[in-house]
Amino acid sequence: MTSTTPAAEQADRTSAAPPILEVKNLVKHYPLTGGGVIRRRVGDVHAVCDISFSLRPGETLGLVGESGCGKSTTGKTILQLTPPTSGEVNFQGENLAGKTRKQLRRVRRNLQVVFQDPYASLNPRMPVSDIVAEPLIIHGLFRNQGKERVRDLLTVVGLNPEHGNRYAHEFSGGQRQRIGIARALALKPKVLVLDEPVSALDVSIQAGVVNLLEELQKRLGLAYLFIAHDLSVVRHICDRVAVMYLGKIVETGTRDQIYERASHPYTQALLSAVPIPDPKLERQRRRIVLEGDVPSPVNPPSGCRFRTRCWKAQDICAEQEPALVDRGQGHPVACHFAEPRSLL
Amino acid sequence: MATIEQRAPAATGARAGPVLEVRDLTVEFPTDDGMVHAVRGVSFALEPGDVLGIVGESGSGKSVTSLAIMGLLPRSARVHGEVSFRGRNLLRLNEKELTRVRGRQIAMIFQDPMTSLNPVYTVGWQLQEAILAHQDIPKEQAWQRAVELLDLVGIPNAMERATGYPHEFSGGMRQRAVIAMAMTNDPDIIIADEPTTALDVTVQAQVLDTLERVQENTSAAIILITHDLGVVAGMADEVLVMYAGKPVEIGPTDGIYYDPRMPYTLGLLGSLPRLDAKGAEPLTPIRGAPPSLINLPPGCPFSPRCPMSRPHCDAEEPSLRPVAGLNHVAACHYAEELAGDVRADEVFETTEADLRALEELGQLGTLEEAEPAEQERERA
């Protein structure tokens, strides 16, 4: 890699370290019940189907895809907010699947989450200093200079600690998201799962939160699992990227591999569809317009799940599911006809 | 007030004159807290066949402007100014006269396609109704036209699909059906209010593709309202940037993007992460929040968030004025200071975390020291 950006250097530095979070063959099916009085199980929503990836200390892994691809379910399953159907979630060498609430509490000191909606994820009846203090209280750590910690945490994320006795509704969207970040940082975690942390914010506000997350990572050595649908934000903040489609990872690699040598047709279509705020460039670009819609996850297509919308699809795509392996592109791609293409 | 008319001849050459002219449009809503000045003087001219992009963040008044043009605001709204369409001031028309203009000469596409379609009628029927409302033609012919339009906007098997209900359409197809409906009577103007905002990128690509096809196949001028500067970049001929109910910069697209002369536009462009950037460039957040539109202080509404702000900015609100050497107008007392290749991160602060506080937090001792307390609690 010729890139010498700080993020790339950081990625190189951390690549030798063992992964702090490792997801192996994770599957999550939600039962689908009939509408009658007796709720009979009529099928399964295949939300996440056999995905594996790892996250190393200090790095940011972007999980991107469109709505319904299973990226948020993946996040929730990692946090054990919903139990996985099968598969392993190894955090610092321990498998979290099947652990009791009490065992999980200890783990969650190092594994925290920031949710998308800053309006729904903060208790409207609690002053923000109590919201930020709550994790410390739950873990019995508030006695140890808890008040000072809360004040400092609020200052760290760019809020005025004097406003600690205000309620969430008195803050703007961007400020609320900062409160959520302060709460997640309270226990000094090692990994943050960020589930669409900036997509509800206006761009000028979003930029501030993105910068804050980057600076915190640099200072505190946090690892981020960054779940998002906005490919521009992901390019800005992530070291490595995994692209999801209908519950599967279709392509994964370093940021430059994905953005400069995208090899899966779906990744290519996604990248070509993102508008760039540059009039001359944008007028020249050609969009790959996909036909139709994402198929239902209740009854996913046989073979390659993308074949129903793919312009390269042939008979083999319906018969044989392409494995996520390196096919000579330098990074794993799940496509029988993978071919790198530059779209920028 | 320096309006866009001053530079219109230079920008567009000899043309038949604008199809729509908005002059000093203001919209106010009385509320319990006081008067909300949602739109505070918008003026622009739309040339036939052109695409005008109106960009701004939530609450900047861009949607209210479009609703005012269409006469769709609630009765409580106080609308002043002039919206001149083919020599008639739309703000003076009564409901009956407006109905003849709406849908026929000026059509509108809303953000949420599910709420613009009626769930209990087939899509074809709704298109047919839109045609029959303004044209005196046999039903069969209207149906034929409906199918043609669905085909034009890229709906596969249009003949069959026309008999389907909105819920049988995917999000992208619904929005395309709404676009087809806007085209039914070959309008002079189509106003698209955030047409792709609720959609995924691949679906957004389908809709933008359709809008481009509309642009090629009709002579309609398009007003594209969006918060996404990327969407506007590829489509618009002209861009109007709104802030706190007022246009702060108007001009040809390239000029606005490559040579912004209002700090807000510069900051907005700098705050966007770009797909084609390596990721090393810092983003420039704009500190603070847009002002409340109830009690606007005198002076420039952007001044509290502006890194270039000076005492004069708080005393007098700048009006739109031509920018030297450029073909556009900007509302900033110090627009000239942004001449040349000024980068957003040279003007705006980019650090976010309070590093001193972070250090203090570190000095408070590690959380591990408190471990016994936790064990104690668990025993209890």
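Predicted model: local features only at pLDDT ≥ 70, side-chain atom pairs only at ≥ 80, totals over all residues.

Residues are numbered from 1 along each chain as its sequence is written, and chains are lettered from A and ligands numbered from 1 in the order in which they are written.

**Chain A overall.** I looked up the secondary structure of chain A and found twelve helices and twelve strands, these being DSSP runs numbered from the N terminus (H or I of at least four residues for helices, E of at least two for strands). The radius of gyration of chain A, taken over C-alpha atoms, is 21 Å, close to the 20 Å that the globule rule gives for 344 residues, so chain A is as compact as a globular protein of that length; the rule is 2.2 Å times the number of residues to the power 0.38. I also noted that buried residues make up 49% of the 344 residues, where buried means that 20 or more other C-beta atoms, placed from the backbone, lie within 10 Å of the residue's own.

**Helix α2.** I then turned to α2 of chain A, residues 71-78, where seven of the eight residues are buried, among them K71(A), S72(A) and T73(A). After α2(A) comes Q80(A), which has a positive phi, near 60 degrees.

**Helices α6 and α7.** Next I checked how α6(A), residues 173-185, packs on α7(A), residues 203-220: the angle is about 20 degrees and the axes are 9 Å apart, the axes being lines fitted to C-alpha atoms over the stretch in contact, with angles from 0 to 180 degrees between N-to-C directions. The two helices are therefore roughly parallel, a term for angles under 35 degrees. In their contact (C-beta atoms, placed from the backbone, within 7 Å), residues of α6(A) including G173(A) and I181(A) meet residues of α7(A) including I205(A) and L212(A).

**Chain B against chain A.** Last, I looked up the interface and found 55 residues of chain B in contact with 59 residues of chain A. The largest share of chain B's side, six residues, comes from α9(B).

Methods:
Parallel < 35°, antiparallel > 145°, perpendicular 65-115°, else oblique. Contact = placed C-beta atoms within 7 Å. Buried ≥ 20, exposed ≤ 12 C-beta atoms within 10 Å, placed from the backbone.
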